[in-house]
Number of protein chains: 2
Amino acid sequence: MGHDKNAVRKILDAARVAGRGALTAPEAKGLCEAYGIPVPKEAVAASAPDAARIAEGIGFPVVMKIVSPQILHKTEAGGVVVGVRSAAEAEQAYGNIVASARRYDPKASIEGVQVQQMLSGGQEVIIGAVTDPAFGKLVAFGLGGVLVEVLKDITFRLAPASREDALSMLDSIAAAEILKGVRGSAPVDRESLATTIVNVSQLVSDFPEICELDLNPVFATASGATAADVRVVLDFKPLTARYRPDQATIVRQMNRIMKPDAVAVIGASAENGKIGNSVMKNLINGGYQGAIYPIHPNAAEILGKKAYKSVKDVPGVIDVAVFCIPAKFVAQALTEVGEKKIPGAVLIPSGFAETGNVKGQEEVVAVARKYDVRLMGPNIYGFYYTPKNLCATFCTAYDVKGATALSSQSGGIGMAIVGFSRSSKMGVSAIVGLGNKSDIDEDDLLTFFEQDDNTQIICQHLEDLKDGRAFAEVAKRVSKKKPVVVLKAGRTSMGARAASSHTGALAGNDRIYEDVFRQSGVIRARSLRDLLEFSRGIPLLPTPKGNNVVIITGAGGSGVLLSDACVDNQLSLMAMPPDLDAAFRKFIPPFGAAGNPIDITGGEPPTTYQNTVRLGLTDERIHALILGYWHTIITPPMVFARLMVEVVKEMRGTGIVKPVVASLAGDVEVEEAAEYLYQHGIPAYAYSTEIPVAVLGAKYRWARGAGLIPAT
Amino acid sequence: MGHDKNAVRKILDAARVAGRGALTAPEAKGLCEAYGIPVPKEAVAASAPDAARIAEGIGFPVVMKIVSPQILHKTEAGGVVVGVRSAAEAEQAYGNIVASARRYDPKASIEGVQVQQMLSGGQEVIIGAVTDPAFGKLVAFGLGGVLVEVLKDITFRLAPASREDALSMLDSIAAAEILKGVRGSAPVDRESLATTIVNVSQLVSDFPEICELDLNPVFATASGATAADVRVVLDFKPLTARYRPDQATIVRQMNRIMKPDAVAVIGASAENGKIGNSVMKNLINGGYQGAIYPIHPNAAEILGKKAYKSVKDVPGVIDVAVFCIPAKFVAQALTEVGEKKIPGAVLIPSGFAETGNVKGQEEVVAVARKYDVRLMGPNIYGFYYTPKNLCATFCTAYDVKGATALSSQSGGIGMAIVGFSRSSKMGVSAIVGLGNKSDIDEDDLLTFFEQDDNTQIICQHLEDLKDGRAFAEVAKRVSKKKPVVVLKAGRTSMGARAASSHTGALAGNDRIYEDVFRQSGVIRARSLRDLLEFSRGIPLLPTPKGNNVVIITGAGGSGVLLSDACVDNQLSLMAMPPDLDAAFRKFIPPFGAAGNPIDITGGEPPTTYQNTVRLGLTDERIHALILGYWHTIITPPMVFARLMVEVVKEMRGTGIVKPVVASLAGDVEVEEAAEYLYQHGIPAYAYSTEIPVAVLGAKYRWARGAGLIPAT
């Protein structure tokens, strides 16, 4: 359907000229009509036969209302008749309305009687739009009345929303079933609702000055969706555009910063305990093979490297400058970095916005913009990029290479990442501190890691998004290729937001993050430990080829808990086909339980695990395995672990690659077995049934979001 | 309000005699009237003036309906008038109804016109009752319409429910706010609703044959609650009473079983690898000081202990017999145990109900009942009771004494308990396997541990409750004294239940467990790891004296995540009073953040942690502390840990005892620090912000449930 932008422009311009922050009802209706958003049909009748004719054109029932500038309280004046059901009734109602109005106010000028389509029946829903500080225009959908007001059952998508987005919104509310028809009512017309959602989202996207919009209620029936009431709030203040290079530029910049051939350390020091000393040591001892240039006002050499007074004195090209100097000296040094045409500055120093020194930070950003230098930080620990043996931080070194890239907004969480990684021997490609995010933020990192062959998964801790829209755009693209996991902190402290519309008031900050993350294919971690376990486990798991999950367990009790965890993580326990059931039964005792979970029972020898797991891997109908091990003397933990690694390896040799996770119940020896399994590509956990399933569930969420396997 | 049991008895007896499984509407109404459950007022009018008089007595509006045995379709016959608003209208309606009815069926005998109070307005709610296989009679409450049908927003309590139970139900549904009045509507009369809930719960408790009952809808208004429709389903099959000794008997029996002075091992063996050998070794090597009697058909001595052919040959008293013989020999040996008057049998053997041998298990239970022997198992690992150095299991020994008692229905979970305990050095008083629960179950254990001075917390893994009502009764009492933590497995596999009423169909098994656990003061663990962490952490934490929680953190990022976790765990972050805020500010850098969390910032020396934590412990307005540590060179992990232990100890010396938990962010050294803190009474976790807060939250849930501090 074509959208009449000119009509909208005219209405909005009139409001702007009049200095109005909201539209009148007819103006709002005009917007809707211009964008194909159904509103009740109506016309003004000048006579009784006219009313009958109009009503017949609209279709019954209709509502009829007096039109008179002098009569504001129409009902009180006897100027409203609802439920007019025939042409004859319409003629009669016209007479009654005009007569009542005349009696009420003999001096009133009567312009006619409005005849309007009467909406009722169907399901009342709300469709709206808001402008979020981070995400910009968002379209919202919920059910009317208490469901939205009391239960906050509402869902958001970035505007403009696609038809698929819009249809997904209908299924994203808790009360979705209502739309499918309950208690004998017909299901609503999903396409009509989706079209209206799409049109609303396009309208607010085309006209940024539409700050908030409410269609409330919309009557959704089996044959359409009509907005009974429209409310539009305007804000003509122009938005300040954020600095944002194009993707190719970001890639070029970030590649030089993250994979530099030459690093300058501004404030390098030979003195133990100084940040500039720690950074130098980490660079040198970490085995970084590029050039290292210590910058120092008077030292000739620092830790065996020739020192310079300024980056400008360095003869060669420098890719990144790591700042280890107090905040007050940063702007001046950054100017020299700019003059030297260094594309990136890693600002370790604190003492900027986080301590209230907003102005100091703005000054630094201005210098950076002037010289086109990208800033990491300030107020960060720096970053690690292991493929280059690069440890550009003042923290402890980390050098276990792997496919996981991590970032954190907070230094404390960064340290937890390093500690967990070391403790669990997790291989990482990069760990990056983002701190105050004066410039480089999560979406720059996503853009870099997307094309970084050393990275297969990106895991980010964040407290806010400076530009949620840019993040969502990039994440949506990147998550199709590599899993993106986010721990959004501050999710329960919903900022109170000034909002004058209904939808606006409902826009709880966290619900928006939740919906946009899902829309962007981002896997949300619910806790720090989840973020870390996902970081470690997901890259080890091959992508499942389908949704059929099977549990093979030695402990019936673990089987029950593993099943619970499958439901919690939206995993599909495969319904066991009879032939496969029979095949499994051959390997297990008669009192064991086939089906799913397959309970091989506790007293079984290693061969039972081996046979059942091999069958589980071999049969093409099964796409992923969850193992529940029970520590017995007959099958000790390490025997089980070695056997499982062997079977999985043997199957991989034949081209069978399926995700396998394990839960180990037993005495402390199971810890070593879990560690062995993990080191050999099977995420395994002692004393937990829920964590292995959560890791598998996260992999599945990613694969579904990326369209690699169907949604269940 | 008095309840007329005789009236109910008469109605039910009539239904029973007639062989009916449901009551007619007038009968159901009769039940309601007998139990003070308001139903619409009504009477049959014999004339038009009579109708007017009756209507005036009831109050307007009323509904009027023809009463004629021949006229079944009253509306079709023109025999129904709704919304009668005056005496005059009532008179007229009487005439119209009778005339229409005569026209419709001239031969119909007309007995009069029913005049009934017309209900409308207010909020439609559902009050019902169901009979659960485990919990017996339950009363249910929810909002009418889609909220219950689609969102399953319903809550249950054991019947009979107290007024407090009933009032708590009004707050336990997601849409509770609706009852308080939204969109300008008046709040409902909570006392009237509660009274109806209480009366329904009493009615079904007094008359077990009332299998299901629905009041749907109940119109709840600002001045009352009236049930518009009543449905009653009956089941006259008598319930089979479960064997259940009184509490004093259970205590006596369980004390002998759990703290025996003499143990017989039936099937004791000198042969390595045999269960009867493992049990003997565990008893002897564990350091058990009581008498150990190996029972064996022909051995003279086993592992240095004189052996007997039968327990009957043992000269002294025996308190418990541990069975290590195949299932088929159990019944005979148990007969001898009974004849020897041994009060308890620990049935390790499998091969009973869990493998389909239900009859074999029934036979064993019959022997036990005959001789009054309590049975633990069958199909279990046995049990540990560390205060007596008693390891009556075939598993690995465990001897770290402490205040936590654990039990598991599954052997695998039992092994996970042993492994986790050993790994984390958790002190336990007992670990008990319950297996098939042919007799001894969770409530027997609760009754024992309640009076066991060596136990301060009871943690149970279970898949079902054989007698949920007994469990709830005992748990409600015990949880007032000692925390009871339950991991209910199988919570997501809701058994499909045959139900013919509305409420019945809504009674999802897990929601009932959830509500009854809360009603009983039980803390529910959501995962195996939670169960284990709660087991370890809760007994270390002193009971908080109030709800004010304060976070002191070196890492701002941890502070945000810790705050999230507080909200997730229903903890109240104290609003910081200005004087206290000022007092904290004295210890932290000017750019640190007081308030709550108190962000002392990352670069601070040990004294800053010390001063702020000491102040947090000292100030009486603060009831619990959550610490967020950030690993720095200035305050290394073990320095922090030792200091915190010292401060807490110092404060305890002055009588200040408050719960303190800690989250440690940093490199691997924080693991040692967390371990040190834990061993000294401060539950602490590396790389996790959520687990320490969950442990504190569980302690709080217990303290609130036990009435030790107010609910928030």
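Author: In chain B, the residues Gln247(B), Ile250(B), Val251(B), Met254(B), Asn255(B) and Met258(B) of helix α9(B) meet Asp444(B), Thr447(B) and Phe448(B) of helix α14(B), a contact being counted where two C-beta atoms, placed from the backbone, lie within 7 Å. The residues of this contact divide into five nonpolar, three polar and one charged, where Ala, Val, Leu, Ile, Met, Phe, Trp, Tyr, Cys and Pro count as nonpolar, Asp, Glu, Lys and Arg as charged, and the others, Gly among them, as polar.

This is a predicted model, in which local features need pLDDT of at least 70 and side-chain atom pairs count only at pLDDT 80 or more, while totals for chains, interfaces and linings use all residues. Residues are numbered from 1 along each chain as its sequence is written, and chains are lettered from A and ligands numbered from 1 in the order in which they are written.

The axes of α9 (residues 247-258) and α14 (residues 442-450) of chain B come within 9 Å and cross at roughly 80°; the axes are lines fitted to C-alpha atoms over the stretch in contact, with angles running from 0 to 180 degrees between N-to-C directions. Therefore α9(B) is roughly perpendicular to α14(B), a term for angles of 65 to 115 degrees.

Lys437(B) is placed in the loop between β21 (428-433) and α14 of chain B, helices (H or I, at least four residues) and strands (E, at least two) being DSSP runs numbered from the N terminus. Although Lys437(B) is not a glycine, its phi is positive, at about 50°. Lys437(B) counts as buried, with 23 C-beta neighbours inside 10 Å, the cut-off for buried being 20 or more other C-beta atoms within 10 Å.

Methods: Parallel < 35°, antiparallel > 145°, perpendicular 65-115°, else oblique. Buried ≥ 20, exposed ≤ 12 C-beta atoms within 10 Å, placed from the backbone.
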